[in-house]
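Work through the exercises below with the model open beside you. Each task is followed by a stepwise solution.

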Amino acid sequence: MAPEENAGTELLLQGFERRFLAVRTLRSFPWQTVRHPVCVKHPPSVKYAWFFLSELIKKSSGGSVTLSKSTAIISHGTTGLVTWDAALYLAEWAIENPAALINRTVLELGSGAGLTGLAICKMCRPRAYIFSDPHSRVLEQLRGNVLLNGLSLEADITGNLDSPRVTVAQLDWDVAMVHQLSAFQPDVVIAADVLYCPEAIVSLVGVLQRLAACREHKRAPEVYVAFTVRNPETCQLFTTELGRDGIRWEAEAHHDQKLFPYGEHLEMAMLNLTL
């Protein structure tokens, strides 16, 4: 087989592998080879198809993150039990830019199912990682996902000393005051897909301001916010609120990593904020 054919085959296998392990809908799989006219006219046996898929799974390589999450967009009164596309985008950015996170304390706002943080804990070697969310059901799922991936929560003295200190904290942006936030002392703050309504944007900007205030004489944390551009007006409101509170921002360049099978047609963006 020619080198270019080998490369094409490898990409096809990776496409199947990532979508299968991410439990994506079947219509998102790259079926162009399986649906070859010959296969349509003379389909292989079901047994062969199962062996074929098994071999694809065996070819999985590299690190992995295992998640328990909801299949419903809204469940238990929250959208935080699923993984949103910007969380995947932010995880890819982190894996490509580990220097921004290595040996640092990272606070994630609105952690959801926890994929971004788990990827960072496994690949970027932070000193400490704080998952946070206001919803008790999300926090319960987060704790389970942390343990599912071989990490220990901070209270577990039997944990791996080579792993970051991991905390799961309840954090409501509207009620958290400086004295509560000061316990976190993050060097880096991250968030993904949290710009879903005007109220959330105002709350986010407010908690960022209080996080900056609680650092006392230390440098304010670096902040990275990733989001899917669904409504330009929502993005404009976010940057307007940042300007009103004197928070400078700049857009991060799109990264080269493409590790997760989110929609190709989606427009992703990430801002680096200076508090």
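**Exercise 1. Across which strands does helix H5 lie, and at what angle does it run to S2?**

Step 1. The model is a predicted one. Locate helix H5 at residues 115-123.
Step 2. List the strands under helix H5: S1 (105-109), S2, S3 and S4 (188-192).
Step 3. Compare directions. Helix H5 runs at about 175 degrees to S2.
Step 4. Turn to helix H9, residues 232-244, which also packs on the sheet. Helix H9 touches S5 (222-228), S6 and S7 (268-274). Its direction makes about 5 degrees with that of S7.

**Exercise 2. Give the strand order of the sheet and name its edge strands.**

Step 1. Count the strands: 7 of them form an open sheet.
Step 2. Write the order as S3-S2-S1-S4-S5-S7-S6. The pairing is mixed.
Step 3. Find the edges. They are S3 (165-170) and S6 (248-251), since each pairs on one side only.
Step 4. Neighbouring strands are turned by 20 degrees against each other on average, direction ignored.

**Exercise 3. How many bridges join S2 to S3, and do the strands run parallel or antiparallel?**

Step 1. Recall the general rule: strands of a sheet pair through backbone hydrogen bonds, either parallel or antiparallel.
Step 2. Take S2 at residues 128-133 and count its bridges to S3: there are 6.
Step 3. Assign the direction. S2 and S3 run parallel.
Step 4. Pick one facing pair. Ser132 stands opposite Ala169 in S3.

**Exercise 4. Is Thr228 buried or exposed, and which residues does it contact?**

Step 1. Apply the cut-off. Thr228 has a relative accessible area of 7%, so it is buried, the limit being under 20%.
Step 2. Set aside neighbours within four places in sequence. Thr228 is then in contact with Asp85, Ala86, Asp193, Leu266, Glu267 and Met268.

**Exercise 5. Asn103 and Asp193 have positive phi values. Where is each, and is each buried or partly exposed?**

Step 1. Read the angles. Phi is near 60 degrees for Asn103 and near 50 degrees for Asp193. Neither residue is glycine.
Step 2. Asn103 is in the loop between helix H4 (85-96) and S1. Asp193 is in the loop between S4 and helix H8 (198-213).
Step 3. Classify them. Asn103, at 48% relative accessible area, is partly exposed. Asp193, at 12%, is buried.
Step 4. Link back to the previous exercise: Asp193 is among the contacts of Thr228.

Conventions
Residues numbered from 1 in each chain as written. Predicted model: local features only at pLDDT ≥ 70, side-chain atom pairs only at ≥ 80, totals over all residues. Heavy atoms only, no water. Pairing = 2+ DSSP bridges. Helix = DSSP H or I, 4+ residues; strand = E, 2+ residues; numbered from the N terminus. Axes fitted to C-alpha atoms, helices over the stretch in contact; angles between N-to-C directions. Contact = heavy atoms within 4.5 Å. Buried < 20%, exposed > 50% of the residue type's maximum accessible area, 1.4 Å probe, protein only.
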